[in-house]
Amino acid sequence: MATRHIDTLKAATGQRPVATGLLTLALLSAAVSPGFAAGTHELLFREGTLDTVSDKVTLEYRRDVSAPGSRPLEQKNTGPISLQLTTDDMAEIHFGAQGDRRRVGAFPASVGNPLIMYFLETVVRDLSGLAGGSPYYMRNRIKAELLKEHPVQQVTVQLGDRRVAAQSVVLYPFRNDPASDRMRGIETLALSVTVSGEIPGWYYALKAETSEERGTRSALPDTLPAYSSTILFQGLEGQE
């Protein structure tokens, strides 16, 4: 499975290629690590999540970014996201409202919904830009966290006029990080993903957030304001 994903994944985000190394490394490690716990990984990167989605509909999401003190980053990265299948079985992600809409990625639909890859990469870019840290280091730490088993919480979410069953997982990629003293609050990052088979495309919500509460380091003058990035499913557009 991992090799097929690695050979086929190509994407672009913004003005330069997306660093697909985050997912690629995670999948590769999953394939070669004897102690790998597949449950969480398979839940987050589930295959077949676009198999029942027609190429005549668009999956609609919204991304909201909060980064106090960095208004341009908030404005640039807050807005609608759409995902649509093409006739050649690609899943295209677009960001922005009509008139300012741009394609930010194209992935083979056979690997599942690429929204989680877009989510993780945009969070890495945001945080590395805010903190001045290495995006490569952040990706590697997130990759390592993806390869761990995590508790799965059973929840319900609102879908239209009804509540549906869902599952939620929270990851803390920088907890107990040896470099935490220099991470300016990024070490508090929590990544939460909520999924449901009742939601077209699988993902209901993807959220990243940091805190200014850094324990004994909270008073350090270089601590960044709390950051958050949330992608929330909005619904379907078009006719099935």
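How do strand 7 and strand 8 pair, and over how many bridges? Strand 7 (residues 153-159) and strand 8 (residues 162-171) pair in the antiparallel sense, over seven bridges. This is a predicted model, where local features need pLDDT of at least 70 and side-chain atom pairs count only at pLDDT 80 or more, while totals for chains, interfaces and linings use all residues. Residues are numbered from 1 along each chain as its sequence is written, and side-chain values use heavy atoms, with hydrogens and water left out.

**Strands**
- Strands here are DSSP E runs of at least two residues, helices H or I runs of at least four, numbered from the N terminus; two strands pair if DSSP finds at least two bridges between them.
- The hairpin of strand 7 and strand 8 has two residues between the strands, and glycine 160 there takes a positive phi near 65°.
- Strand 8 also runs antiparallel to strand 9 (residues 190-195), joined by five bridges, with leucine 171 partnering leucine 191.

**Core**

**Rings**
- Tyrosine 61 and phenylalanine 233 form an edge-to-face aromatic pair, 5.6 Å centre to centre with 65° between the planes (centres within 6.5 Å; planes under 30 degrees apart are stacked, over 60 edge-to-face, the rest tilted).
- Tyrosine 61 counts as buried because its relative accessibility is 2% (buried is under 20%, exposed over 50%, partly exposed in between, with a 1.4 Å probe and protein chains only).

Conventions. Phe/Tyr/Trp six-rings, centres within 6.5 Å; stacked < 30°, edge-to-face > 60°.
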